[in-house]
Amino acid sequence: MSRLADKVAIVTGAASGFGRGIAQRFAQEGCAVVVADIAADAGEAVAAGIRASGGRAQFVRADVTRSADVKALLDAALAHFGALHIVVNNAGATHRNRPLLEVDEATFDRIYAVNVKSIYWTAVHMVPHFRAAGGGAFVNIASTAGVRPRPGLTWYNGTKGAVIITSKGMAAELGPDKIRVNCVNPVIGETGLLEEFMGMPDTPENRKKFLATIPLGRFSTPADVASACVFYASDEAAFITGSCLEVDGGRCV
């Protein structure tokens with residue numbers, strides 16, 4: 001049986017990387033998906049691919065730092081699929097791995113807007129809907145960087161720490177409304193941000209330095225992250241809220 005049958009989800013940052021993997025897996029599990037991203041061509045391609053495989057998907061271009069764009073995602077879910085049950089806050093940005101004083105103010109502001117303010121906007125627009133509907137689920141993609149920070153990504157680490165503690169606060173406050181809020185914390189993965197996280201060219205030699213810190217010996221994949229998201233979004237996790245699942249091959253041990 002499909003684990004997300006008859007559910008409707010919004011997945012942000014779904015045009016590539018983890019988000020694409022989450023959207024595709026949700027569709028395979030019976031979920032209708034609003035594919036949200038700032039990259040229109042890639043996002044349209046993801047939605048079209050889901051539909052071609054027999055799934056239900058609609059692309060909506062959205063800048064998750066803007067209130068009106070996030071509200072439009074809710075409107076699209078209701079217009080196309082008649083409901084909304086799940087929000088996956090996956091859209092993310094980082095600064096290049098470098099000393100903390102070398103990150104300029106504009107970059108600092110951008111990563112906090114994309115990684116943290118986006119959760120504020122989804123709460124502003126989706127919580128009232130979930131309350132009226134009798135419940136819902138947020139799955140927020142944080143990072144091992146918010147659990148065991150390392151040098152070179154200090155300001156990015158801070159955004160992911162904020163995502164984690166904000167998710168726990170939301171879970172505590174929204175529990176009486178039957179709104180669940182959980183986090184997934186991936187380790188570094190083969191996404192478009194890989195070289196930014198590494199701060200050096202993506203070569204086999206440089207990869208070895210990062211792989212050496214992961215006991216299971218490989219990077220995370222979109223499939224790994226999607227599996228965790230399916231669990232949190234499904235009724236199997238009906239009594240789980242305010243938790244964080246490290247999808248990290250043992251990186252945080």
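Q: What counts as a helix here?
A: Welcome! Helices (H or I, at least four residues) are DSSP runs. They are numbered from the N terminus. This is a predicted model, where local features need pLDDT of at least 70 and side-chain atom pairs count only at pLDDT 80 or more, while totals for chains, interfaces and linings use all residues. Residues are numbered from 1 along each chain as its sequence is written.

Q: At what angle do the axes of helix 3 and helix 4 cross?
A: Axes are lines fitted to C-alpha atoms over the stretch in contact, with angles running from 0 to 180 degrees between N-to-C directions. For helix 3 (residues 67-81) and helix 4 (residues 105-133), the axes come within 8 Å. They cross at roughly 30°.

Q: Which residues of helix 4 meet helix 3?
A: Contact means heavy atoms within 4.5 Å. From helix 3, Ser67, Val70, Lys71, Leu73, Leu74 and Leu78 take part. Their partners in helix 4 are Trp121, Thr122, His125, Met126 and His129.

Q: What is the volume of the largest pocket?
A: A pocket is an open set of points on a 1 Å grid over the protein atoms alone, where a 1.4 Å probe fits, with protein on both sides within 12 Å along at least five of seven lines; lining residues have an atom within 4 Å of a point. The largest one is lined by 45 residues, and Phe18, Tyr156, Thr191, Leu193 and Phe197 lie nearest its centre. Its volume, the space filled by probe spheres set on the points, is about 1000 Å³.

Q: What is the volume of the second largest pocket?
A: Among the residues lining this pocket are Lys7, His85 and Asp235. The volume is about 170 Å³.

Conventions:
Heavy atoms only, no water. Helix = DSSP H or I, 4+ residues; strand = E, 2+ residues; numbered from the N terminus.
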